[in-house]
Amino acid sequence: MKKAIIGKKIGMTQIFDEKGLVIPVTVIEAGPITVVQKKTVETDGYDAIKVGYLKVQEKKLSKPKLGQFTKFKLAPMKYLKEFKFEDVSGYEVGQEIKVEDMFQSGDKIDVTGISKGKGFAGVIKRFGQSRGPETHGSMYHRRTGSLGSGTTPGRVIRGKRMPGHMGMDKITVQNLEVVRVDAERNLMLIKGAVPGPKGGLLVIKNTVKSGK
């Protein structure tokens with residue numbers, strides 16, 4: 001990993017490029033983040049930095065979490081995340097990292113977030129299955145249907161699509177493009193949609209794909 005930052009989803013809008021074409025974009029408030037801990041091969045066996053995002057009142061943190069900040073006289077942060085970088089020599093505890101320090105227009109990124117929770121859902125809403133006949137006497141409308149043969153193997157096969165909890169999953173959308181970076185307001189405009197509701201926490205990293 002070479003670049004990474006934490007952000008908050010603001011919402012979606014659209015902008016126009018030089019040719020007048022409409023580009024759907026997601027607006028993300030990315031950073032600033034603060035380096036809370038620096039890990040090196042000599043002390044921890046690998047290179048990484050732990051960063052904090054969004055300031056929070058001290059009373060809202062437990063003593064163990066608060067101790068990470070008071071040790072270095074840092075403002076308490078609501079979210080903590082560790083990033084494994086190839087080289088951490090350019091980072092120090094207490095350093096503030098802004099969005100323009102990490103990403104520029106045209107960069108390819110991967111965005112990770114928690115998808116919207118939709119509660120308990122049936123197979124039609126959850127997996128897009130077809131509904132049953134609605135004629136007189138039918139008892140089969142939005143039900144699951146047969147779960148498998150009765151004799152062989154005589155059990156429900158693992159992975160069978162059935163009703164259950166829908167959403168609230170960790171989703172990563174890969175190879176998105178950074179359309180614009182607003183350094184003054186710490187905003188990123190990313191082409192396309194990203195997972196999660198408005199106000200949801202997002203982790204943005206440089207893409208792992210080749211970008212062909």
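The questions and answers below concern a predicted model.

Q: Which strands form the closed barrel, and in what order do they run?
A: The pairing in the barrel is antiparallel. From one strand to the next, the twist averages 50°. The barrel is closed and has six strands, in the order β1-β2-β11-β10-β7-β12.

Q: Which residue in β11 stands opposite Glu29?
A: Strand β2 covers residues 22–30 and strand β11 covers residues 187–191. The two strands pair in the antiparallel sense over five bridges. Opposite Glu29, the residue in β11 is Leu187.

Q: Is strand β7 largely enclosed by the rest of the structure or largely open, and how many of its seven residues are buried?
A: A residue counts as buried when its relative accessible area is under 20%. Strand β7 spans residues 108–114 and is largely enclosed by the rest of the structure, because the buried residues among its seven number five.

Q: Which residue is the bridge partner of Ile109 in β10?
A: Strand β10 comprises residues 170–182, and β7 pairs with it in the antiparallel sense over six bridges. Within this pairing, the partner of Ile109 is Leu176.

Q: Which residue in β12 is the bridge partner of Gly113?
A: β7 also pairs with strand β12, residues 201–206, in the antiparallel sense over five bridges. In that strand, the bridge partner of Gly113 is Leu202.

Q: How far apart in sequence are the parts tied together by Lys108 and Glu177?
A: Lys108 and Glu177 form a salt bridge whose closest N and O atoms are 4.0 Å apart. Lys108 is in strand β7 and Glu177 in strand β10, so the parts that the pair ties together are separated in sequence by 69 residues.

Q: Why does Lys108 count as partly exposed?
A: The partly exposed class lies between the buried limit of under 20% and the exposed limit of over 50%. Lys108 falls in this class because its relative accessibility is 36%.

Q: Is Glu134 buried or exposed?
A: The side chains of Arg131 and Glu134 meet in a salt bridge at 3.3 Å, N to O. Arg131 counts as partly exposed at 42% relative accessibility. At 56% relative accessibility, Glu134 counts as exposed.

Q: What is the angle between the planes of Tyr53 and Tyr79?
A: A search of the whole structure finds three aromatic pairs. Tyr53 and Tyr79 form one that is stacked, with 6.5 Å centre to centre. This pair links strand β4 (residues 48–55) to strand β5 (residues 77–83), the two residues being 26 residues apart.

Q: What relative accessibility does Tyr79 have?
A: Tyr53 counts as buried at 1% relative accessibility. Tyr79 counts as partly exposed, with a relative accessibility of 27%.

Q: Over the ring of which residue does the charged end of Lys84 sit?
A: The charged end of Lys84 lies 4.9 Å from the centre of the ring. The ring belongs to Tyr46.

Q: Which residue has its backbone nitrogen 3.2 Å from a polar atom of the side chain of Ser138?
A: Ser138 is found in the loop between α4 (123–127) and β9 (164–166). A polar atom of its side chain lies 3.0 Å from the backbone oxygen of Pro133. The backbone nitrogen at 3.2 Å belongs to Tyr140.

Q: What is the value of omega for the peptide bond that joins Thr152 and Pro153?
A: Most peptide bonds are trans. The bond joining Thr152 and Pro153 is cis, and Pro153 is found in the loop between α4 and β9. Its omega is about 5°.

Q: Is Asn186 buried or exposed?
A: Most residues other than glycine have a negative phi. Asn186 has a positive phi, near 55°, and is placed in the loop between β10 and β11. With a relative accessible area of 16%, Asn186 is buried.

Methods
Residues numbered from 1 in each chain as written. Predicted model: local features only at pLDDT ≥ 70, side-chain atom pairs only at ≥ 80, totals over all residues. Heavy atoms only, no water. Helix = DSSP H or I, 4+ residues; strand = E, 2+ residues; numbered from the N terminus. Polar contact = N/O pair within 3.5 Å; in protein donor to acceptor, adjacent residues only side chain to side chain. Buried < 20%, exposed > 50% of the residue type's maximum accessible area, 1.4 Å probe, protein only. Pairing = 2+ DSSP bridges. Phe/Tyr/Trp six-rings, centres within 6.5 Å; stacked < 30°, edge-to-face > 60°. Lys NZ or Arg CZ within 6 Å of the ring centre and 35° of its normal. Axes fitted to C-alpha atoms, helices over the stretch in contact; angles between N-to-C directions.
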